[in-house]
Number of protein chains: 2
Amino acid sequence: MDPFGILYTDLYQLTMGQVYFRLGLHEREALFEAFYRKNPDYGAHQAGYTVFAGLDPLLSWMETARFGNEELEALGALKGRSGKPLFAEDYLRYLKDVGGFSGLTVRALPEGRVAHPQVPLLSVEGPLLQAQLLETALLNRINYETLIATKASRVREAAGEEAVVLEFGLRRAPGKGGESATRASLIGGANRSSAVSLSHLLGLPSSGTHAHSLVQAFLALGYTEEDAFQAFAEVFPDDTILLLDTVDTLHSGLPHALKVFERLRRKGHRPVGVRIDSGDLAYLAIQVAKELDKAGFADTLIVLSGDLDELVIWQIKSQILEEAPRYGVEPEKLLKRLVYGVGTRMVVSWGYPALGGVYKLVAIRENGTWAPAIKISDSLEKVLNPGHKKVYRVYDGRGLATADLLATFDEEVREDTPLHLRHPTDPTKRRTLRPGEFTLEPLLEEAFRGRRLFPPVPLEALRERRQRDVARLDPGVRRLVNPHIYHVSLTERLFALKEALVAQLSG
Amino acid sequence: MDPFGILYTDLYQLTMGQVYFRLGLHEREALFEAFYRKNPDYGAHQAGYTVFAGLDPLLSWMETARFGNEELEALGALKGRSGKPLFAEDYLRYLKDVGGFSGLTVRALPEGRVAHPQVPLLSVEGPLLQAQLLETALLNRINYETLIATKASRVREAAGEEAVVLEFGLRRAPGKGGESATRASLIGGANRSSAVSLSHLLGLPSSGTHAHSLVQAFLALGYTEEDAFQAFAEVFPDDTILLLDTVDTLHSGLPHALKVFERLRRKGHRPVGVRIDSGDLAYLAIQVAKELDKAGFADTLIVLSGDLDELVIWQIKSQILEEAPRYGVEPEKLLKRLVYGVGTRMVVSWGYPALGGVYKLVAIRENGTWAPAIKISDSLEKVLNPGHKKVYRVYDGRGLATADLLATFDEEVREDTPLHLRHPTDPTKRRTLRPGEFTLEPLLEEAFRGRRLFPPVPLEALRERRQRDVARLDPGVRRLVNPHIYHVSLTERLFALKEALVAQLSG
């Protein structure tokens, strides 16, 4: 049995399915929405947005996941406390007949786009049983990939849109979750990954240097660090990046590298760069740049690695801007030659390791109309925005995104009439936009209707979506620390529906 | 190409491999060790030990990972900056001939056992190229699984060895890394997982209840919460656990559940339990227990869920011990009927999301003897313990583990002579144990020699190993907050070797 097949899910999806089946509710049309409640808060710093990722892998999974004989045998063998089978034969036969997710329609935010709390990332419409069964796998994919794409986007913003960011995290990635980590990192902001098979399958070359063990092996055999560097340079004369800190960055690694670079140059090759993996990276980068410049290697790259994240990169850049001139190094030129190798802290989303995305029933079809579903909760923020909905992004006169807007599915939202925005929970907060002051963009698009509706989107296109969307955010929302809160609003009509439902259930 | 095959690795393993190949060093016998430097520090609380996991999946991978035609084609297509192929044909032919990891010998800490910082978890011996190539996949598996097994062990200790802990984390697990998360959770302390296919493949039944959506669906269709409960109970009369908090735990969920339980009882069934997923779980558990007792359901379980971790569970138990008597509920009896559903915070190791395990070259064979390798570093703690080593666990007169001891591979460490222990970095710290005061247990066992040497160990055996080892820890080391530091020591001889190497390289 494929561990990642249709049973890559929680047991309760299948027990609830049997309840629906027994009551004849299993084919009742239902509508679920996936969203998350708050942006990542990393402690010392916070996200003002996320980057949606994980959709393509989810759609591919939906198209292939099937109840086969192995899966049904496994389910048939499960026993309840009475010792009798947990699942009845007629229910399992039904699952076999249904097969998979062919009854579902998915509308989704295009992958790679900027997303915000409380705004549906996906809506799933179809037979209650199928839509319920999708929950775990859907959340498994989009929670993690969105989390990592968001972290990568922050790393990219700290490094600057022009800088090269490499993803080095496979060794600390969560088992086979490395697949999602690499993909999401590349969507969110990394240029390349060191992971070979994953890069290959994504259509990108992998990238890397050498490890400390190369130098260690040479030293243990009685050779020198310079011998190790020289050996590497001879095998990869046009791709030489030398790791400087196995013995001592400035007093051993750098002088040895310079000798080897000099020999490469004499043979007509251009050394690519050096890497520093420990120590005070900003200080060392300045000193290394100074010596490289002096020796005439002003265009070689300086790769920094070792527990980098968005805040560390920001700190390194600030320190270089301040200190480089003191050593006669031009800071802007130095920043341009830096490459950031980011591993652990990107692939585990250091500081906020789980996005709390949820998948909630928001409506169920009864006699041809959608009856809204709601869940009351002690905390007002956890009360669902009910019913079948439409989602818009509202842009202001500068073309910057100013709010995401949720509307009921059947109301008309127009650019040529005043637009009333309501805060989703605070009835005192409202705002009106006049025609001419705003434009509207519908956000969700149909992605799956029994089968996926478009082929996998090339990674490059996803990267461009993210870049374009981030550029349309207010700089305050993009800020790494204490960002502005982006507005998510309801239309008057949706706000009224929510109030009525809460009153009805609470009363 | 299988994304998780032999190219599930970093590019630099393959570029370094070509350097070794070109210099004729690729078949030189090398010794690498995998270890981690510090126990997880979750911020408000800290781990005093870890639980080693990930070995079996690694060994299975090593046995099957192969350079096939697809992998070699992918590598052959990689271009350097000059536009020429990065990898030469003779090198790729060699990789094809070698195939995989048939030259390697792995000695490992048995999976499921307690582990400590700086102590080798695995040693890998064999041709330099193969041993180097294993690095990324090895770290990918053991870093994450050890991290999660450790968190699960803490959750288990907080809940108590007798309590039932369920793993509910698949929806927040990192993509396909859910496979490792479930496995490690079950090794470290969870009794069951909600994940269906993963539980099945591990030979355990999966476990679960129902979701809020069941109640929501009934409400949206004009039925009541009680109808939803009743429907569930009719389909699963001997496996009924009802989720109480969709509307209001005490004023809606509980009274509805009691009515349904009463009907079940009249038909000769025993309701299994209730679940509470939000609110003040300790307070609600007390109130729910009180009402269940009053209605004669004193043996039904109370499942708690919702962002639980070791500290939250500890807090809930403390609060119950203090407050339950005030409501006439016997606290010890209540604790015995609690079941903990732990999800997100276990599978992402909330507070410390990455174990910094490393894989370092420690020796290389030259003229028949092992030449120790070392790496100097700015931070003393990062200096390697060099050379080919043996590893012991030292138990005191009470049978409790008192230290892990690293020795050189060829020295004799005996129980009948005084044992001198040295702190790995602080020369002023030493300790001597007299014969009769201690016993020695060698920790690493041969697990792979060209192929795995024993079949996968059943999960139950791994769970027992963990339980036995944790029981042999000093209670101070097991403490959830501010634990005692477990001693990791070197023999006099290994300490002297390390000092000599550092002096030689620094001098």
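Me: What makes β3 and β5 of chain A a pair?
Reply: Two strands pair if DSSP finds at least two bridges between them. Strand β3 (residues 105-108) and strand β5 (residues 122-127) of chain A have four bridges, in the antiparallel sense, so they meet the definition. A:Arg107 stands opposite A:Ser123 in β5(A). Strands here are DSSP runs (E, at least two residues), and helices are runs of H or I, at least four residues, numbered from the N terminus.

Me: How do you know how far to trust this?
Reply: This is a predicted model: local features need pLDDT of at least 70, side-chain atom pairs need pLDDT 80 or more, and totals for chains, interfaces and linings use all residues. Residues are numbered from 1 along each chain as its sequence is written, chains are lettered from A and ligands numbered from 1 in the order written, and side-chain values use heavy atoms, without hydrogens and water.

Me: Why are β13 and β19 of chain A said to stand at the edges?
Reply: The open sheet has six strands, in the order β13-β12-β1-β5-β3-β19 (chain A). β13 (369-372) and β19 (445-449) each have a single partner strand, so one side of each lacks a neighbour in the sheet.

Me: Why is B:Glu135 with A:Arg171 called a salt bridge?
Reply: The definition asks for a side-chain nitrogen of Lys or Arg within 4 Å of a carboxyl oxygen of Asp or Glu. The closest N and O atoms of B:Glu135 and A:Arg171 are 3.3 Å apart, so the pair qualifies. Between chain B and chain A the count is six salt bridges.
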